[in-house]
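Here is a note for a colleague who is starting on this chain. Please keep the sequence and the model side by side while reading.

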Amino acid sequence: MKPTNFARYMSTYLTEFLPGVKGVSYNTIASKRDTYMLLFKYLKECQNLKPEAVDIPQLSMEVINAFLEWLEITRNSSVSTRNIRLAAIRSLFSYIQMQTPDYIYQCQQILSIPRKKEPEHNIEYLTVDGIKAVLDAVDTSTKQGLRDLALLSIMYDSAARVQEIADLCVNDFRIEKPSTLRLTGKGQKTRIIPLMDNTAALLTKYINLFHPHYKGAHGIPLFSNRNGKKLTRAGITYILNKYVDLAKEEHPSLVPETVSPHGLRHSKSMHMLQAGVPLIYIRDFLGHSEISTTEIYARCDSEQKRKAIEAACPSITKADVPLWHSDSTLMEWLQSL
């Protein structure tokens, strides 16, 4: 069968335009690819269209709207996920519009599909005692336990996105004082996160145990699975959930029913806010491009606002992994940004 125009444009969009012209990351391309795979799945199941037969005229605004509704109703996708899928589709049709004028009206119709308003959610985060309970659940007498403790400690202390943790390489850790961690976030932007001495010591111990022959090579995953490949987001989530479940058994009042990797990022952000760290510093720590994104941590309910003014975080101790805010060097670094 002769390739369709849609197949040709999608192929060049994913393999040439996005990486070559836009310079976007692999993760961004993979996210868009997943959206188009879902679109093909919908067309096959609900419209009886085989992927190889789909062409541009068949992808009307009505079809795209039906696909978005299918995501929410049949796949139980959240409004946020729906909007992400819509953004990927709009991006593709914006590209097609630039390549050919034949379908410009149809493309503009699809580009005019509005985002659905997302319901406001309270930020779910763990208290300091909740974080301590999760860390305490790790059995540090085993090699695997040391790996998991290092992973969870770095996730919380750095407030990194789960993909940033998955992408960490051994050479991203600077052992010399002041010890730092280099994170690569959205848009391939990098930022340097200072680490406390005790956290750095834990990570050094982990590297000596799991990477004993490391000689400064690049590209070696910091956290890997049994096959030596870097941990996936699903793998990291699995590890976190294991200790969250253990912590809930011991401290049901401290640990919520579900805790996601992003929940640790929220937790660190809220604890920094509650300790009086200005939003502008938190923005840079989190790698946000706009201060408005960071302001979600200030738009909390009145009780959280009261605590943000009055409370300071107590210390966390687990295998000599203290909280960041007791480190004067780190606070000096934040103030120098």
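What covers the buried residues of α3? Point 2 gives the answer, after a few words on the model.

1. Basis. This is a predicted model, in which local features need pLDDT of at least 70 and side-chain atom pairs count only at pLDDT 80 or more, while totals for chains, interfaces and linings use all residues. Residues are numbered from 1 along each chain as its sequence is written, and side-chain values use heavy atoms, with hydrogens and water left out.

2. Helix α3. The cover over the buried residues of α3 includes α2 (26–46), α4 (79–99) and α5 (104–111). Helices (H or I, at least four residues) and strands (E, at least two) are DSSP runs, numbered from the N terminus. The buried residues in α3 are V63, I64, F67, L68, W70, L71 and E72. Here buried means under 20% relative accessible area, exposed over 50%, and partly exposed in between (1.4 Å probe, protein chains only). An α-helix has 3.6 residues a turn, so residues three or four places apart point the same way. The length was also checked: the 13 residues of α3 (residues 61–73) should span 18 Å at 1.5 Å a residue, and the end C-alpha atoms are 18 Å apart, which agrees. The expected span is 1.5 Å times one less than the number of residues in the helix.

3. The whole chain. The chain has 15 helices and three strands. Of its 337 residues, 45% are buried. Contact means heavy atoms within 4.5 Å. Among contacts between residues at least 6 apart in sequence, 65% join residues at least 24 apart.

4. The sheet. In what order do the three strands lie? They form an open sheet in the order β1-β2-β3, with antiparallel pairing. The edge strands are β1 (173–174) and β3 (190–194), each of which pairs on one side only. Two strands pair if DSSP finds at least two bridges between them. Two bridges join β1 to β2 (residues 180–184), with F173 opposite L181 and R174 partnered by T180. Between β2 and β3 there are five bridges; L183 has R191 as its bridge partner, and R182 stands opposite I192.

5. The two hairpins. A hairpin of five residues joins β1 to β2. P178 sits in the loop between these strands, and a cis peptide bond joins K177 to P178, with omega about -5 degrees. The hairpin of β2 and β3 also has five residues between its strands, and there G187 takes a positive phi near 70 degrees.

6. Most residues other than glycine have a negative phi, and most peptide bonds are trans. N76, in the loop between α3 and α4, has a positive phi near 55 degrees. A159, in the loop between α7 and α8 (162–166), likewise has a positive phi near 55 degrees.

7. R147 lies in helix α7 (residues 143–158) and is buried, with a relative accessible area of 7%. Leaving aside residues up to four places away in sequence, R147 touches Y206, F210, F223, S224, L231 and I239. R147 also belongs to the lining of the second largest pocket: 16 residues line this pocket, and Q144, R147, S224, N225 and R226 lie nearest its centre. The elements that give two or more residues to this lining are α7, α9 (197–210) and α10 (233–250). A pocket is an open set of points on a 1 Å grid over the protein atoms alone, where a 1.4 Å probe fits, with protein on both sides within 12 Å along at least five of seven lines; lining residues have an atom within 4 Å of a point.

8. T140 is in the loop between α6 (128–136) and α7, and is partly exposed, with a relative accessible area of 35%.
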